[in-house]
Amino acid sequence: MARFIIRRLLGMLLVLFAVSVIVFAIFNVIPNGAPENRMAGKQSTPQQIEAIRREWGFDQSVLTQYVKTMEKLLTGKNFISYNQQRPVYDELKAGLPRTVSLAIGAAILWLVAGVALGVYSALRAGSKADFAINVLAIIGISVPVFWLGALVNHYLGYKLGWFPNGGYVPISEGGLWEWAYHLFMPWTVLSILFIGVYSRVLRSTILDTLDEDFVRTARAKGLSERRVVTHHVLRTSLAPIVTLWGLDFALVVTGGAILTETVFDIQGIGSYYADSVGQLDVPPVMAVTMLGAVVIVVVNTLVDIAYAALDPRVRLS
């Protein structure tokens with residue numbers, strides 16, 4: 001197991017280096033034209049363009065440009081949004097707790113509900129309960145997030161007044177209750193899609209696993225059905241769920257919940273990224289893109305390690 005972890009960590013470092021090169025190339029090398037013009041924006045002056053060129057080293061070699069770009073991305077020093085004229089990392093620090101709070105609550109909800117419904121549906125395959133869960137899962141997968149969010153926000157928030165109409169309250173200001181109270185509707189809306197996907201995937205995986213030889217062997221040894229399901233079937237079937245959960249969580253943290261943040265006025269990283277793209281503001285877009293890549297690679301590595309802990313056969317790969 002230790003060797004497997006070391007290999008995965010070394011592979012993670014190599015992937016992060018490759019990602020940094022790709023991000024640098026996408027924003028600074030591949031597009032035609034001077035990158036300082038894109039960064040300065042349409043309302044820039046020649047003096048501003050020249051200052052950006054010197055600051056980022058665009059008048060020097062590509063290697064020097066890469067080093068300076070990565071230095072700015074890693075340290076955040078003088079990493080300014082040229083359209084908004086604000087430090088990019090200050091904006092990320094303000095938005096990251098909001099997005100992480102949204103992602104953590106929704107991820108726990110969709111994992112617990114998805115696994116519970118998937119297991120229940122698989123163990124009662126062909127029953128009315130199984131049919132009902134499958135229908136609800138398909139509906140959850142099909143319903144657009146922005147439509148469901150607007151609907152829930154209007155009726156439960158505006159008309160009935162059961163929940164706030166969006167917004168975000170940090171734990172440090174309102175305590176744990178107010179924090180969760182303001183995020184409950186966004187958590188629920190964001191998790192609906194994933195609950196449907198996870199329950200369907202886990203149901204299918206469990207049904208396939210129940211026909212495996214090692215399950216029949218466990219039953220032949222006289223183990224109880226509960227022990228067979230929990231210690232053999234479920235442990236093996238959870239491996240793809242762990243993979244999905246890690247990737248989905250990383251995507252949500254890095255801006256995958258833009259619509260949910262917009263509907264509920266959470267103003268996290270997703271909203272900041274969308275605004276920056278709309279303004280063609282290169283530094284924030286570059287920072288969020290790199291942050292997203294780092295989070296996805298790191299979480300994927302942790303998922304591989306968890307996968308190996310669930311299934312020892314993976315350690316041989």
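**Group meeting: the core and a helix pair**

Hi everyone, let's start with L190: leaving aside residues up to four places away in sequence, L190 touches L102, A106, V252, A257 and T260, where a contact means heavy atoms within 4.5 Å. A word on the source: this is a predicted model, with local features needing pLDDT of at least 70 and side-chain atom pairs counting only at pLDDT 80 or more, while totals for chains, interfaces and linings use all residues. Residues are numbered from 1 along each chain as its sequence is written, and side-chain values use heavy atoms, with hydrogens and water left out.

Back to L190. Together with W110, I206 and V252, L190 has the most contacts inside the largest nonpolar core, a set of 39 residues. By nonpolar core I mean buried Ala, Val, Leu, Ile, Met, Phe, Trp, Tyr and Cys residues joined through side-chain atoms within 4.5 Å; buried is under 20% relative accessible area, exposed is over 50%, and partly exposed is in between (1.4 Å probe, protein chains only). Which helix gives the largest share of this core? That is α8, with eleven residues. A second, separate core has 22 residues, including I52 and M290.

Now P170, in the loop between α7 (145-159) and α8 (171-209); helices here are DSSP runs (H or I, at least four residues), numbered from the N terminus. P170 counts as partly exposed because its relative accessibility is 21%. P170 and R98 are 72 residues apart in sequence, yet 8.0 Å apart in space, C-alpha to C-alpha.

Technical notes:
Helices (H or I, at least four residues) and strands (E, at least two) are DSSP runs, numbered from the N terminus.
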